[in-house]
Amino acid sequence: MSSHTQYRFSFGPWNISEGADPFGGEVRPAFPHEEKFALYRPLGFEGVQFHDDDVVPGIDGLTAAQIQQKAAEVKRMLDNQGLTPEFVAPRLWFAEQTTDGAYTANCASDRDYAWERTRKCVDIARAIGSKAIVLWLAREGTYIREAKDARLAYERILGTINAVLEYDKEVEIWIEPKPNEPTDQAYVPTIGHALALSFASKDHSRVKGLIESAHALLAGLDPSDEMAFALAHDKLGSVHLNDQNGLKYDQDKNFGGANLRVAFNQVRVLEEAGYGSRGEFIGLDVKAIRTQRGCPVTDHLRNSRELFLHLVDKVRALDHSLIAQCRDARDYEALELYILKHLLGVR
Ligand code: GLO
Ligand code: MG
C-alpha cells in the first residue's frame, strides 16, 4: 500500500559544502570528505549519492586495479556504516577535456575521454554495489547555438547510452535533465527528452529519469507533473528534491523553502504512485545557505527531510472523497480553498 511507504532518504557528499559562490571563495572550513559518511545515519539518511571521484579521488591518474582497490575500500566503509550507495555519476564537467562538453564535445579525443570516464564510473558503481549511474549532462549543450550540430549531439548521447547498455548488461542509466547552467542551453532539458532517449535506446527498461525539482522549475515546468510523466511510464529512477525561487541560477534551496504548495504536490504525486515502495530513494540535492555558520553544516538536509515527512502527513490526511466531489462538480475554486486551508491547518 502506497500510503504506508517507509521512505528512505539519500544525499551526496557535495551537499555538505564550503559555501563558495562565483563571486567569492569559501566561507566555511572544509569538512573532511571521508568523515561525512558517519553523519548520514544520525541525520536520518541511509542512501549515498556519489560522483565517480567521490568514491575514487584522483580517478583520472589511477590504473584499473587501483580504482578497484579504492572502490572496495569504500564498499567496506558503506557496509560498516549501514549505508546504501544509491548511484554513481561520472563527473564529466571538471576536467580540461570536458570544457566543450563530454559525449557531445566537438573534439574526438575529448569524446574518448568522456567514454573512458563513463566506463570507469560503471565499474565503480558495480564495485560498490550500486545498480545505477546518473547522467547529469552538465556541459552537453552550447553557449551559442552554432557551436555544435545539435542533431548530431543527440545521436551521440543516444550512442553513448547504447554503449553503456552494451558494456554492462545490468547497470541502469538514470538521466537527470536540466535546461541550463553551466551551459546557456542544455541538451536533454526535460524528462520528456530523457524518456524519448530511453525509448529510443536498445533496452529502455534500463534507462530511466532522475527529476530534480529546481531543474524542472528552471525549465518553467511543474516538478510534480514532470514526476508524474516519468511515473506514468514507470521510469522514475530517483528524485532530487529541493526548491528554486524563480528563473535564475540553480539555487538548490531547501525542499519547500520557496513554494510549499509546489513541494506538497511533488510529495502527493510520489505518494499516490507508490514511489519508494520498491526501494526507490527520496534523494535531496540541497545546498546550505552561504551565510550559515558552522562545520559541518547539515541542518538544510535534516530540515528538508523533516519537511518532506510533514508533507507526507498532509498528503495522507487529504479528504479524498471531498477531492473527488470537487472534481466531479468541476468546482476547482472549492478544491483550491480546501487544499490551501489543509496546508495551513485550518478548517
Ligand atoms: C547540478 C546537478 C548535480 C547532480 C549531481 C549528480 O545541477 O543537480 O548536483 O545532481 O552531479 O549527478
Ligand atoms: Mg541534482
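## Metal site

Along the chain, the donors of the magnesium ion (ligand 2) are spaced as E-x35-E-x27-H-x44-D. The model is a predicted one. In this pattern the protein donors are Glu176 (OE), Glu212 (OE), His240 (ND1) and Asp285 (OD), and they lie 2.0 to 2.2 Å from the magnesium ion.

The arrangement around the magnesium ion (ligand 2) is octahedral, because its 6 donor atoms subtend angles of 80 to 169°. Six donors count as octahedral if opposite donors are over 155 degrees apart and all others between 65 and 115.

## Surroundings of ligand 1

Ligand 1 is surrounded by 13 residues, and the closest are His51, Glu176, Lys178, Glu212 and Asp285. Glu176, Glu212 and Asp285 are also among the protein donors of the magnesium ion. Sorted by class, the shell around ligand 1 holds 5 nonpolar, 3 polar and 5 charged residues.

The space that ligand 1 takes is the largest pocket.

## Polar contacts and burial

Side chains approach oxygen atoms of ligand 1 at several points. For histidine 51, a side-chain N or O atom is 2.6 Å from an oxygen atom of ligand 1. A polar side-chain atom of glutamate 212 is 2.7 Å from an oxygen atom of the ligand, and for histidine 215 the distance from a side-chain N or O atom to a ligand 1 oxygen is 3.2 Å. Ligand 1 taken alone exposes 330 Å², of which the protein buries 93%.

Methods
Residues numbered from 1 in each chain as written. Chains lettered and ligands numbered in written order. Predicted model: local features only at pLDDT ≥ 70, side-chain atom pairs only at ≥ 80, totals over all residues. Heavy atoms only, no water. Near = heavy atom within 4 Å. Polar contact = N/O pair within 3.5 Å; in protein donor to acceptor, adjacent residues only side chain to side chain. Areas by Shrake-Rupley, 256 points an atom, 1.4 Å probe, with all protein chains shown as cover. 1 Å grid on protein atoms, 1.4 Å probe; cavity = no way out; pocket = protein on both sides within 12 Å on 5 of 7 lines; lining within 4 Å. Sits in = over half its atoms within 2 Å of the grid points. Nonpolar A, V, L, I, M, F, W, Y, C, P; charged D, E, K, R; others polar. Donors = N, O, S within 2.8 Å, 3.2 Å for Na, K, Ca; no water. Tetrahedral: all angles 85-135°; square planar, octahedral: opposite > 155°, others 65-115°.
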